[in-house]
Amino acid sequence: MADINLAALAQQQNTALSADTSLSDIVSTLTNTQLTSLPVINEHKQLIGLVSQQDCHKALLMSSYHCDNPVTAVDIMQQSQLTINGHQSIADIAIQALEVSQDIYPMVEENQFIGSISRENILSALNDSLSLCS
């Protein structure tokens, strides 16, 4: 399997939300980037969670029905997530992705968010490796 610079790949997809990002800004960012999930980081660039389109969908339904207080990323994010590092191979990440229903895999180095790798990135890299076999 071809060597892939995971850190460089992750840095290409480094959009992240702050904990206090409003729900409307989250939805706007998701739609503008055409991503299905985004990492949430704190003021020290440490990963604290992930927000998905599904998280937003649920929050939008509840907020529009109840007209509650403003919703932010920290209110709707999923705190447990699989993270990756630059020392892993694309094959390692692909195997982990089979067991976790996550759309993006944030890369963390020395407790700092670097960027993310999507399922699409994984699929493309595996397909590129397959094409090298013929």
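**Exercise 1.** How much space lies in the largest pocket?

Solution. This is a predicted model, in which local features need pLDDT of at least 70, side-chain atom pairs count only at pLDDT 80 or more, and totals for chains, interfaces and linings use all residues. Residues are numbered from 1 along each chain as its sequence is written, and side-chain values use heavy atoms, with hydrogens and water left out.

Step 1. The largest pocket holds about 260 Å³.

Step 2. Its lining has 14 residues, and Ser37, Ser52, Gln78, Ser101 and Gln102 are the closest to the centre. On a 1 Å grid over the protein atoms alone, a pocket is an open set of points where a 1.4 Å probe fits, with protein on both sides within 12 Å along at least five of seven lines; lining residues have an atom within 4 Å of a point.

Step 3. Strand 3 (47-52) and helix 3 (53-66) are the elements that give two or more residues to this lining. Helices (H or I, at least four residues) and strands (E, at least two) are DSSP runs, numbered from the N terminus.

**Exercise 2.** Describe how helix 5 meets helix 6.

Solution. Step 1. The axes of helix 5 (residues 90-99) and helix 6 (residues 119-131) come within 10 Å and cross at roughly 125°. Axes are lines fitted to C-alpha atoms, for helices over the stretch in contact, and angles run from 0 to 180 degrees between N-to-C directions.

Step 2. The two helices are therefore oblique to each other; angles under 35 degrees count as roughly parallel, over 145 as roughly antiparallel, 65 to 115 as roughly perpendicular and the rest as oblique.

Step 3. Ile90, Ile93, Ala94 and Ala97 of helix 5 make the contact (heavy atoms within 4.5 Å) with Arg119, Ile122, Ala125 and Leu126 of helix 6.

Notes: Grid points are joined across faces, edges and corners, and a volume is the space filled by probe spheres set on the points.
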